[in-house]
Amino acid sequence: MQFFDRQREKEWLQTTLKQSETNAQFTVLSGRRRIGKTSLVLHAYQDIPFLYFFVAKKTETDLCSDFAQEISTKLQIPIIGKVDRFATLFELILQQAQRRNITLFIDEFQDFKRVNAGIYSEMQKLWDLYKSTAKINLIVGGSVKSLMQKLFEDKAEPLYGRQTQQILLTPFAPSVLKEILQTYNPHYQPDDLLTLYALTGGVAKYVELLMDAGATTKQKMLDYIIRPNSIFINEGKNLLIEEFGRDYGVYFSILSAIATGHTQRNQLEDIVGKEIGGYLSSLENIYGLIRKQAPLYSTTSKNIRYELHDSFLIFWFRYIFKYNYMLEVGAYPQLRTLIDADYDTFTGKRLEAYFKDALIEQQRFTRIGGWWSRDGKTEIDLIGINELEKTAIFYEIKRNPNAYNEQELKEKVEAFLQATRQLKGYQIAQQGLSMKDM
């Protein structure tokens, strides 16, 4: 797949490269696995030679052998003898950067912890020693959010505060997904776009796999993902087990329950069978996988819902994890039949998420969210509020435009205004959104 989007991030990296000619730069590039961190750096620096170190699951000695070869090839520096400490190579690079500008990208930086956790302290000492005179552009990329956060945001860690820039790479926005699908399938239908969003959530690698395979329609995308030897089958497990460690079973149970529509804490505790406050806090604040959702202008914490906001993981937990027993006996056609039967329900909620992302991308509003009454009987899918212009739009979102009921939404708006006592003096509008508006 050709390279799409990321213009802003490319400009940041290119500006950092220019700055490193006079001042040492240390960029932390983070984002979930498959989001496109490596591709971004390769694309941003495609016209310059730079050092690329990938922290594989090897011993420090073996890694140093790989890195020494990279240094010898790219910098034309002979490495004499065997090097078994990363600090030796890092100091060599910093010394070379006294005389010439060097860009170094260390990929999966958090995995140094399993190789030799002392590497971080050694890097800190060397960075502090050489940074005032080194013309170096250091970029470290990491996918394990909890570890990367700890390395650079925990005051007890040696590299705390050393970064000069932090970039969080996020999924493709709806407009980019439309551009990509238009490129590979000019005659795509709204259901194709919704499926691409629902299955990938805009994660670059997943989009690339589908486009390169010619899976550009709803049917072909689902066929490609639900098949023997599909990399998507084990993807959720591969992404999260390292994050969660030995408690992954409890975390998986919680995420599976949220993905299948159980969004309140009491519902989740009934399913898991234990108190889960600590787990929910970790999923939200450490791993960044769930968010608390409250009705707009809510003044109580008793009406909270939990949302899993990674679209691929919602799909994975809802179908692949839940029905893994089918896949173990090769019942792929049966799972496809099950998904097809539930597909409208599943994508109905993803359509709401799509339009929320689209409104955020458009930057029309200062506040965006949903609203539901305490008894749960009245619910508004989406509200966009512009506090500067004193306008508000209430949205009802349906897959089928004929399902929109203007009078019903009007009654919900009245219930919202009466319950919240907000938006006095605002210009109020309401609108139905459906797949034809994507």
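Helices (H or I, at least four residues) and strands (E, at least two) are DSSP runs, numbered from the N terminus. The model shown in these views is predicted.

**View 1. The loop around Asn-101.** Asn-101 sits in the loop that runs between helix H4 (86-96) and strand E3 (102-107). Its relative accessibility is 33%, so Asn-101 counts as partly exposed. Beyond residues up to four places away in sequence, Asn-101 touches Leu-17, Ser-20, Glu-21, Lys-135 and Ile-136. Take Ser-20: in sequence, Asn-101 and Ser-20 are 81 residues apart. In space, their C-alpha atoms are 7.1 Å apart.

**View 2. Gln-76, a positive phi in a loop.** Gln-76 lies between helix H3 (60-75) and H4, in the loop. Its phi is near 55°, a positive value in a residue other than glycine. Most residues other than glycine have a negative phi. Relative accessibility is 63%, so Gln-76 counts as exposed.

View 3. The loop between H18 and strand E8 (367-372) holds Gln-363. Phi of Gln-363 is near 55°, again positive in a residue that is not glycine. Gln-363 has a relative accessible area of 69% and is exposed.

**View 4. Phe-315 in the largest nonpolar core.** This core has 91 residues. Leu-289 and Phe-315 have the most contacts inside it. Helix H18 (residues 332-362) gives the most to this core, with 10 residues. Leaving aside neighbours within four places in sequence, Phe-315 is in contact with Ala-198, Leu-199, Leu-222, Ile-225, Ile-226, Ile-320, Ile-339 and Phe-346. In soluble globular proteins, nonpolar side chains tend to be buried together.

**View 5. The chain as context for the close-ups.** The chain has 19 helices and 11 strands. Its radius of gyration is 25 Å, close to the 22 Å that the globule rule gives for 438 residues, so the chain is as compact as a globular protein of that length. Along its principal axes, the C-alpha trace spans about 80 × 60 × 50 Å. Buried residues make up 50% of the 438. Of contacts between residues at least 6 apart in sequence, 68% join residues at least 24 apart. The chain has 55 positive and 53 negative charges, and their mean positions are 3 Å apart.

Methods. Residues are numbered from 1 along each chain as its sequence is written. This is a predicted model: local features need pLDDT of at least 70, side-chain atom pairs count only at pLDDT 80 or more; totals for chains, interfaces and linings use all residues. Side-chain values use heavy atoms; hydrogens and water are left out. The radius of gyration is taken over C-alpha atoms; the globule rule is 2.2 Å times the number of residues to the power 0.38. Buried means under 20% relative accessible area, exposed over 50%, partly exposed in between (1.4 Å probe, protein chains only). Contact means heavy atoms within 4.5 Å. Lys and Arg count as positive and Asp and Glu as negative; His and the chain ends are not counted. The place of a charge is taken as NZ of Lys, CZ of Arg, CG of Asp or CD of Glu. A nonpolar core is a set of buried Ala, Val, Leu, Ile, Met, Phe, Trp, Tyr and Cys residues joined through side-chain atoms within 4.5 Å.
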